[in-house]
Amino acid sequence: MMASSFLWYLVEFIRPSWVRKFFTVRTAPLLTPPYFRGFPEPTGKACTRALRCMMVCPAPGAIDVVKEADGWHPRIHRGHCIRCGLCVEACPNGVLSSGRVLESVTASGTALTLTFRIDVDTVSCMGCGNCAVACPVNRGLDPQMAYGGRASRDDLLLCVVEGKCKVVREDRCNGCKTCEDHCPNGAIRVDRVLQAVQAVSL
Amino acid sequence: MRRIVDVSIPLGPIHPCFKEPARIKCETSGERVLAVEVELGYMKKGIERIMRGRPWQEVMFLAERVCGICSVIHNMVFIEGMEAISGISPAPRAALLRVVANELDRIQSHLLANFSYCYTIEHETLAMYLLDLREQVMDLLERLTGARVTCAYIVPGGVRFDLRDEDAALIRAGLAEVTRASARYTRIFETGPLIGLRSRGVGILTAKAARESHAVGPTARGSGISEDLRLRHPTYQQIGFSPVVRSEGDCFARVMVRFQEVQESIGIIGRCLDALVQGPIRAGGVCGAGKVSYSGEAPRGELSYLITTDEAGRVIDIAIQTPSIMNIEVCAHRMIPGVTSLADVTATFVSADPCIACTER
Amino acid sequence: MGILQNVKNAVRQRSIHVAYVDVGSCNGCDIEILACLAPRYDIEQYGIYVHNNPREADILLVIGAYTPGWADRLLPLWEKIPDPKVAIAIGNCPISGCLFARPGTLIHPPVAAHIPISAEVPGCPPRPTEILQAVLALAPEVFRDYEVRVL
């Protein structure tokens with residue numbers, strides 16, 4: 001009994017197929033499937049600097065839109081990016097692509113619409129105008145604007161009216177929250193209101 | 001006369017059996033373990049503090065990262081809580097797709113938990129079978145959501161990606177294979193004599209003790225308590241399912257409950273795919289102000305979110321109650337005291353499927 | 001040097017013992033490392049053994065964003081690992097703190113500020129294949145001619 005089992009053991013292990021497998025077998029090549037959401041890659045379409053990607057990104061410091069010789073380009077920072085694919089979905093121009101996100105979004109007509117709302121707490125606002133001066137949208141429209149937030153035109157995003165900050169054109173806001181960072185009292189607040197929508201033409 | 005020296009033996013925080021850091025202090029007399037204390041505090045990140053003052057698109061990802069193993073249910077409970085606050089109802093197709101994603105996640109979580117248990121009792125063959133089976137389920141989850149672990153699939157009003165017809169067929173085929181394999185592994189576990197010696201009658205939690213100490217999830221269902229929050233979820237009510245309950249109350253029962261729930265989940269996914277209606281996957285809707293307490297059945301048990309939002313849809317206050325904190329305490333006070341060997345301490349602890357990351361957040 | 005050193009180099013890159021330490025992650029990277037054990041990825045075919053025992057480890061995989069609970073524990077753990085040793089940061093958390101690096105958080109990333117980190121695998125979480133490639137790419141470089149370089 002003992003001997004036969006030992007013999008069986010030996011025979012089992014000198015089978016050529018076993019020996020060959022023992023030395024050569026490897027697991028199948030490990031491929032990343034095409035449907036995996038990897039780090040967003042540029043598709044080659046031109047970036048119009050809508051900044052939706054930066055505003056929707058949930059990870060701190062994961063994406064920047066930088067200016068290079070041939071225009072604006074989104075830059076993904078590895079080690080910060082969590083590969084959620086929200087930037088791909090939110091981009092109005094399809095600049096980025098990741099896995100099947102772009103394909104799937106185009107096929108089913110889904111989108112992420114981002115609107116911004118600015119709330120000014122009139123009790124704690126002291127009308128210093130820091131927000132209006134710091135606002136990059138204001139700076140583009142009225143570069144002459146200086147201390148106190150006195151505006152030379154009336155279609156700015158923010159300006160100071162009668163000692164209080166006033167939101168004039170909320171639709172111009174691009175949600176960068178620079179005003180929040182510059183407010184000494186924490187009186188201004190920008191909300192990035194995101195809505196997941198789908199075109200109903202199915 | 002032999003003297004028995006009482007020794008306090010620490011296990012962890014780095015221990016080959018634990019995938020996560022926790023320290024178990026065992027008061028022993030000989031091999032018998034008399035009392036156990038679980039020391040936590042290695043994983044506290046302060047997620048609830050970070051969540052305050054943020055809109056849903058940021059809190060959703062933080063909620064997923066409360067627990068990386070059962071991320072879909074955290075996503076689902078948080079988003080459905082926000083929907084309850086804002087009066088959004090999800091698109092019918094999306095509601096079913098959510099359940100598909102959630103059940104796939106439950107299957108992989110249960111397979112991982114059973115892998116950990118088999119690995120802890122040193123039945124490595126079965127453990128590796130289960131881990132390989134889990135990879136097949138992860139493939140299906142990745143096909144549906146585009147990511148393996150942190151899927152970010154559920155958004156207010158719907159889901160992010162539609163399920164293609166060819167993918168639905170692949171998921172069906174894949175699950176048929178998982179059904180066969182998992183039935184085989186269940187049989188191996190059920191009939192294995194050595195597994196029985198390590199599992200049957202070890203770490204007993206009686207139904208009375210489970211009820212008194214508020215055990216949740218498979219731990220409670222392994223002790224004969226028929227409690228499953230999925231029974232109160234509208235989509236699950238529409239699909240229909242019955243909770244798995246066993247009455248033994250030992251490690252064996254808890255692992256078997258998970259095995260049987262895998263089969264149950266496969267059935268739910270099949271019925272969801274049958275019931276899948278064509279149509280939009282997102283209903284839209286803006287989050288508003290309100291306060292809600294919303295619960296769902298995570299793979300480990302009852303998961304509750306208490307959410308307060310302001311009129312811009314920002315979360316201004318949030319409290320999360322995860323299932324593991326209940327089960328860890330039940331484990332420390334009810335199951336482990338009285339086990340006859342130190343090796344059974346880790347096995348019993350792992351059989352309750354503790355998740356330290358979501359306990360401490 | 002010579003033959004003995006070559007033998008050592010050859011053996012070392014085919015026998016790597018790994019310990020992993022979770023210093024406050026979400027479990028996502030944890031289970032992706034566990035998934036590397038699965039027969040599909042099978043890290044043992046490359047001679048990598050996951051022991052989770054620092055005293056016999058060559059490579060320490062660090063997961064997580066360094067919570068206060070680890071403040072006086074991670075460095076002693078690192079010192080217990082015998083030379084030659086390397087630490088690899090797995091996932092975004094040890095690199096940048098991932099989503100948790102926000103005002104009000106309790107964590108102190110990066111982990112590289114507390115123990116020396118040789119390589120970083122970004123991703124939240126990285127795929128098992130990415131973890132595997134990082135370990136395989138790093139191991140021969142780090143352990144080559146260790147005695148010649150250091151002693």
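Trainee: Starting with chain B, how do β6 and β7 pair, and over how many bridges?
Mentor: β6(B) and β7(B), the latter covering residues 301-309, pair in the antiparallel sense over 9 bridges. Keep in mind that this is a predicted model.

Trainee: Which residue is the bridge partner of Tyr294(B)?
Mentor: Tyr305(B), in β7(B), is the bridge partner of Tyr294(B).

Trainee: What sheet do these strands belong to?
Mentor: An open sheet of 3 strands, in the order β6-β7-β8 of chain B, with antiparallel pairing.

Trainee: And which strands stand at the edges?
Mentor: β6 (290-298) and β8 (315-321) of chain B. Each has a single partner strand, so one side of each is left without a neighbour in the sheet. On average, neighbouring strands of this sheet are turned by 15° against each other, direction ignored.

Trainee: Which helix packs on the sheet?
Mentor: α3 of chain B, residues 71-86, packs on it and touches β6 and β7 of chain B. The direction of α3(B) makes about 150° with that of β6(B). There is also α12 of chain B, residues 323-335, which lies across β6 and β7 of chain B and runs at about 135° to β7(B).

Trainee: Staying with α3(B), how do its axis and that of α4(B) cross?
Mentor: At roughly 145°, and the axes of α3(B) and α4(B), residues 92-120, come within 8 Å.

Trainee: Which residues meet there?
Mentor: From α3(B), Val72(B), Ile73(B) and Met76(B); from α4(B), Arg98(B), Ala101(B), Asn102(B) and Asp105(B). By class, the contact of α3(B) with α4(B) has 4 nonpolar, 1 polar and 2 charged residues.

Trainee: New topic. What is the order of the sheet with β1, β2 and β3 in chain B?
Mentor: β1-β2-β3 is the order; these 3 strands of chain B form an open sheet with antiparallel pairing. β1 and β3 of chain B stand at the edges, each with a single partner strand, so one side of each is left without a neighbour in the sheet. Neighbouring strands here are turned by 20° against each other on average, direction ignored.

Trainee: How many bridges are there between β1(B) and β2(B)?
Mentor: 6, between β1(B), residues 6-11, and β2(B), residues 23-29. Ser8(B) has Glu27(B) in β2(B) as its bridge partner, and Asp6(B) has Ser29(B).

Trainee: How many bridges join β2(B) to β3(B)?
Mentor: 7 bridges join β2(B) to β3(B), residues 32-39, and the two run antiparallel. One of the pairs is Ile24(B) with Val38(B) in β3(B).

Trainee: What is in the turn between β2(B) and β3(B)?
Mentor: The two strands form a hairpin with 2 residues between them, and Gly30(B) in the turn has a positive phi of about 70°.

Trainee: Back to helices. How do α5(B) and α6(B) cross?
Mentor: Their axes come within 10 Å and cross at roughly 165°; α6(B) covers residues 165-191. An angle over 145 degrees counts as roughly antiparallel, and α5(B) and α6(B) are therefore roughly antiparallel to each other. α5(B) passes α6(B) in a left-handed crossing.

Trainee: Which residues meet in that pair?
Mentor: Among them are Leu126(B), Tyr129(B) and Leu133(B) in α5(B), and Leu170(B), Ile171(B) and Val178(B) in α6(B). The residues of the contact of α5(B) with α6(B) divide into 14 nonpolar, 3 polar and 4 charged.

Trainee: What about other chains? How many residues of chain B are in contact with chain C?
Mentor: 30 residues of chain B, in contact with 35 residues of chain C. The elements giving two or more residues to that side of chain B are α1 (47-51), α2 (56-64) and α5 (124-145) of chain B. The largest share, 4 residues, comes from α5(B). That side of chain B divides into 17 nonpolar, 4 polar and 9 charged residues.

Trainee: And how many residues of chain C are in contact with chain A?
Mentor: 17 residues of chain C, in contact with 13 residues of chain A. On the chain C side, the largest share, 3 residues, comes from α4 of chain C, residues 92-96.

How values were computed. Residues are numbered from 1 along each chain as its sequence is written. Chains are lettered from A and ligands numbered from 1 in the order in which they are written. This is a predicted model: local features need pLDDT of at least 70, side-chain atom pairs count only at pLDDT 80 or more; totals for chains, interfaces and linings use all residues. Two residues are in contact if their C-beta atoms, placed from the backbone, lie within 7 Å. Ala, Val, Leu, Ile, Met, Phe, Trp, Tyr, Cys and Pro count as nonpolar, Asp, Glu, Lys and Arg as charged, and the others, Gly among them, as polar. Axes are lines fitted to C-alpha atoms, for helices over the stretch in contact, and angles run from 0 to 180 degrees between N-to-C directions. Angles under 35 degrees count as roughly parallel, over 145 as roughly antiparallel, 65 to 115 as roughly perpendicular and the rest as oblique. A crossing is left-handed if the near helix is turned anticlockwise from the far one by less than a right angle, and right-handed if clockwise. Two strands pair if DSSP finds at least two bridges between them.
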